[in-house]
Amino acid sequence: MATPTDTASLEGAPVLSFVRTIDRSLVHRAAVSEVLVTDLVRTGAEDFVAGAQLPHGHAYFSDHARTPVTYDFLLLLEAARQAGTAASHRQLGIPGDTTFLVNSWSIRIEDVQGLTPGDRPAELELVGAVTPVTARNGRLRGVSSSVALRIADRVVARTRIDVGTAKGSDYGRLRFLQRKSTPPLTSELHGVLRSRPVDADRVGRRNPANVVLGEPTHHGDTVSAQVEPQFDNRSLFDHTYDHIPAVVLTEAARQLAHLAGAPTSATVTGCAADFTRFAELDIPLVATARLDPASHTGVSPVRCVVDFQQDGSEAGRITLDFTPASSAAGPVPTSGRAHQAGAE
């Protein structure tokens, strides 16, 4: 796979537009308001440069209690996912009815200060590549994407996302074979009563609607909680799903890490997630978190490992690194696009 450039500036790079968003179907969003990508330019068979606008305010991505305020790692991951998805359709010719299933994703924040919001929504440049993954018979199995994310010519983060692909009706057959039944849909579960959710301030949220965990239980040096999002939360469930998506699982890991001891004022500066099976909507899904022993020494960053178990099997594992606010703080950029722009 091609590696996004490490250079401080892109010689001869295309001029990107940030005037309007691209077709929402290219990034698998139902609401235009949830589309971040504003432009996509092919620079090679698998290479691309994309533009995205990061919102000043968002019902989910901006709902944090931490200070100083920075653009959140999940907002950056979503921008990279959208850019890679659009490039997969346009450059690799993947049909529009193909379902993309996140097998793994990771992000490393390289410049926390570069993620400080300015006076206007930030203009994000994504320099990336999409590589098809094929079976021996040449049939497409998935896509791997790697992206360097830049604000005001500063590389602020790097992502890697690996997805599996399923064409049209193949997806429905796959889900039925795995479950031996037809899975329910999130649209059928609106208003389903949850157990008492954990208090929002304990997991770094202001809006209780963004809490995705039930009350935790502690066992020695671990803490566990059931994953119970509100399926009518349009920011987390933009369209109808038959499983709990990667972004909700990653948010659950973050919230549980806070309950395990990671400060709610700390910024996530690293995430590595592997999703090993579908997280079903109608079967209890339990997450268990454990802080890395070194985290108890006060050494930065704080690392937390979260495992997901459902029906006796592992559904995934996510490792998060938290950098305390005192370590992440720095001078606010005074020039360049970052200052002109500004959320999770």
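This is a predicted model: local features need pLDDT of at least 70, side-chain atom pairs count only at pLDDT 80 or more; totals for chains, interfaces and linings use all residues.
Residues are numbered from 1 along each chain as its sequence is written, and side-chain values use heavy atoms, leaving out hydrogens and water.

**Neighbours of S10**

Next, show strand S11 (residues 302-310), which is antiparallel to S10 and joined by 7 bridges. Look for Val-306 in S11, the bridge partner of Ala-289. From S11, 9 bridges lead on to the antiparallel strand S12, residues 313-323, with Val-305 opposite Thr-319 in S12.

**The whole sheet**

Zoom out to see an open sheet of 12 strands with antiparallel pairing, in the order S1-S2-S4-S5-S6-S3-S9-S12-S11-S10-S8-S7. Its edge strands, S1 (37-42) and S7 (217-219), each pair on one side only. From one strand to the next, the twist averages 25 degrees (axes are lines fitted to C-alpha atoms, for helices over the stretch in contact, with angles from 0 to 180 degrees between N-to-C directions).

**The core**

Which residues have the most contacts inside the largest nonpolar core? Select Trp-105, Leu-126 and Phe-308, within a core of 88 residues. Such a core is a set of buried Ala, Val, Leu, Ile, Met, Phe, Trp, Tyr and Cys residues joined through side-chain atoms within 4.5 Å; buried means under 20% relative accessible area, exposed over 50% and partly exposed in between, using a 1.4 Å probe and protein chains only. Stay on Trp-105: its contacts (heavy atoms within 4.5 Å) include Leu-74, Leu-77, Cys-271 and Phe-275, with residues up to four places away in sequence not counted. Cys-271 is buried, because its relative accessibility is 3%.

**A loop stop**

Finally, pick Ser-235, in the loop between S8 and helix H3 (246-260). Is Ser-235 buried or exposed? It counts as buried because its relative accessibility is 13%. Ser-235 touches Glu-34, His-58, Ala-59 and Tyr-60, not counting residues up to four places away in sequence.

Note on methods:
Two strands pair if DSSP finds at least two bridges between them. Helices (H or I, at least four residues) and strands (E, at least two) are DSSP runs, numbered from the N terminus.
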